[in-house]
Amino acid sequence: MTTTDARTLPPAEAPPAGEIPGRGRSRRRLTAGDRFIYLLTAPVFLVIAFFVVTPMLHTAAASGQGQGLAANYGTFFSGSARTALMLSVGISLGSVVLCALVGTVLAVLLTRFEFPGRRVLEVLAVLPMALPPLIGAVSFVLLFSETGIVPRAAHELLGISAGAVSVRGVAGVLLVHTFTMYPYFYLTVAAGLSGMDPSLEEAAQSLGAPRWKVWATVMLPMLTPALVSGGLLTFMRSMGSFTAPQLYNVQTLTMQIVATRTGGMYELAAAQSTVLAVVSIAFLLMMRWYQGRRIHRSLSKGIQRSRTQTRGIRSALALAGSVVLSLVLLAPIAVIVLVSFSVDRTWTIQVLPPDYTLANYTRIFTDPASLLPINVSVQTSLVATCTAVVIGAAAAWIIARWPGRRGGSLLDLAVMLPWALPGTVIGINLVTAFGGDSPSSLGLILVGSIAILPVAYFVRFMPLVFRSTSAAIAQVDPSIDEAAQSLGASPLRALRTVVLPLIAKGVIAGALLAFVEGVGEYVASVIVYPVGFAPLSVAIYQRIYAADFGTASAYGTLQIVLIFIILVVSNRLEHGRRRRRSMGV
């Protein structure tokens, strides 16, 4: 063992300029870029605090008014709201189990096996994510309710009672949730399987382990993060679900909140919203905590396991299964398009609509009253998207370049908070905070005004712009804008001329997603929309309630077409970004 003479050690270096020696750690002097970030932080997070945090606190404070805090929450935990909460939790757990089963099996089939029709299924597997929640629920009612196409066809063709094969109540909600939420498991598990090193599985098999033991002891532990992430996401979405319980008349907590509010018991509705918000935020924190742990890590060398080729009778069975599964995945969209050409109120007892017409589309584009919901949704979503781009993109850049060691995670959580809140809670928060003149709202009254719609859409979908922009900023080396500043450019000019062109496609992709989500938003809209200015989703529900299935489906078809256009544009932007990265640009 060799020792080093202290006299041979280099002298202690003086602290670099800008650092002040302290007892534990050095403190860095603020640069012009740091001061610009702090200056930009103030307006961005004042907006988030005013429209997100303050309404939440307003609702929490309102839950203690009226008969008092103890009475309101005591009523909640002893009345029908407790039953609604338990039902919501039960449905959410059931949704997690069913979505995990469907999503995982589909992911294993499409990533591990090669069979006829696999490429088509890969495209259709994510199709449910393109359906607006209300349209997805309506399509299942048209297909599987007692007066739907499938039960009527079973009665006409097989003589089976329509009621015996129809889906209703809790089963209907679970069916809709499974169809629309299984992609959360499919995408995460498929990504986990694709990135898994095949040598682990081969090593276990070479040691004599049977296939089931390889899956139980090697594969499942490696897939645990993907399964937990998908489970938490599905549970959060299911707890905040409103459209499926409303169409199937299931009294979940979201339904109970709206019913309580409509009944004039504002303080009790505030208490119910507060409980639902606490549960949702707890699951958001749990998901962030778990995603940060990374218990299982693969030392993958980028080698992907080849798919097993099916042959003979297995190949024929796989082809038949692919055709059936493709039809099942396409059926909700096909039925909406088909019914959109039917004549209103002529579809009564027939299996399919008896009469078809183009009048539904003609009326939408020629009658000002029918066109008004589209104008309301498009214009309010456009305003909300522009605001979300300014605030969300600025917040993403601030957090990515945050100079301090602490505070960045807290800011990230504040921006993502609206994403965890169900639309029902956001609607109640805005109505409670901006329903009258109060110091906390700075005298701003939005209830009864159409201005509340873009505010609601901004709060709900600003995190989408934030996340998309954050992903784009992560690809930009901070030294690029630092180099621009070292050459004499001000922080604002470096941001405008260097950073923004590099992240523009990420910002645009997030903006497109926020816009299309705003056009299809229903849950918050049904609580806050002013009389005479119903947005598109509310107009669809009103048409369904009036049995105008043709016009309602025509509105839904236009929504689906708009979503597909947006998705194609987003995919082209993402494809261009990947190609630039692969070329080293």
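The following legends describe close-up views of a predicted protein model.

**Figure 1. Overall content and confidence of the predicted model.** Because this is a predicted model, local features require pLDDT of at least 70 and side-chain atom pairs count only at pLDDT 80 or more, whereas totals for chains, interfaces and linings use all residues. Residues are numbered from 1 along each chain as its sequence is written, and side-chain values use heavy atoms, with hydrogens and water left out. The protein has 25 helices and 4 strands; helices (H or I, at least four residues) and strands (E, at least two) are DSSP runs numbered from the N terminus. Of the 585 residues, 47% are buried, a term that denotes under 20% relative accessible area, with exposed meaning over 50% and partly exposed the range in between (1.4 Å probe, protein chains only). The accessible surface comes to about 29,000 Å², and 65% of this area belongs to carbon and sulfur atoms; areas come from the Shrake-Rupley method with a 1.4 Å probe, and for residues only the protein chains shown count as cover. Among contacts (heavy atoms within 4.5 Å) with a separation of 6 or more, 77% are between residues 24 or more positions apart.

Figure 2. The mean pLDDT (the predictor's confidence in each residue, from 0 to 100) of the protein is 83, and 90% of its residues reach 70 or more. Confidence is lowest in strand S1 (residues 19-20), with a mean of 42, and highest in helix H8 (residues 169-181), with 93. Over residues 1-26 the pLDDT stays under 50, and the model has 11 contacts beyond four places in sequence for this segment. Where pLDDT is low, the predicted coordinates should not be read in detail.

**Figure 3. A nonpolar surface patch with residues from helix H3.** Leu-101, Val-102, Val-105, Leu-109 and Phe-113 make a nonpolar surface patch of about 390 Å². Patches consist of residues with over 30% relative accessible area and no salt bridge; like charges are joined within 9 Å, and nonpolar side chains (Val, Leu, Ile, Met, Phe, Trp, Tyr) within 5 Å. Helix H3 (residues 80-112) gives the most to this patch, with 4 residues.

Figure 4. The structure holds 14 aromatic pairs. Rings of Phe, Tyr and Trp (its six-membered ring) pair if their centres lie within 6.5 Å; planes under 30 degrees apart count as stacked, over 60 as edge-to-face and the rest as tilted. The pair of Phe-341 and Tyr-361 is tilted, because the ring centres are 5.3 Å apart and the planes stand at 45°. This pair links distant parts of the chain, 20 residues apart: Phe-341 lies in the loop between helix H15 (312-339) and helix H16 (359-366), and Tyr-361 in H16. Phe-341 is partly exposed at 29% relative accessible area, whereas Tyr-361 is buried at 15%. The side chains of Arg-363 and Asp-344 meet in a salt bridge (3.4 Å, N to O), defined as a side-chain nitrogen of Lys or Arg within 4 Å of a carboxyl oxygen of Asp or Glu. Arg-363 belongs to H16 and Asp-344 to the loop between H15 and H16, 19 residues apart. Arg-363 is partly exposed at 29% relative accessibility, and Asp-344 is buried at 18%.

Figure 5. Ser-537 is placed in helix H24 (residues 536-545) and is buried, with 1% relative accessibility. Leaving aside neighbours within four places in sequence, Ser-537 is in contact with Leu-134, Gly-520, Glu-521, Tyr-522 and Ser-525. Glu-521 also forms a salt bridge with Arg-460 (2.6 Å, N to O). H24 is followed by Ala-547, whose phi is positive, near 70°. A further salt bridge joins the side chains of Arg-543 and Asp-548 (3.6 Å, N to O); Arg-543 is partly exposed at 23% relative accessible area, and Asp-548 is buried at 8%.
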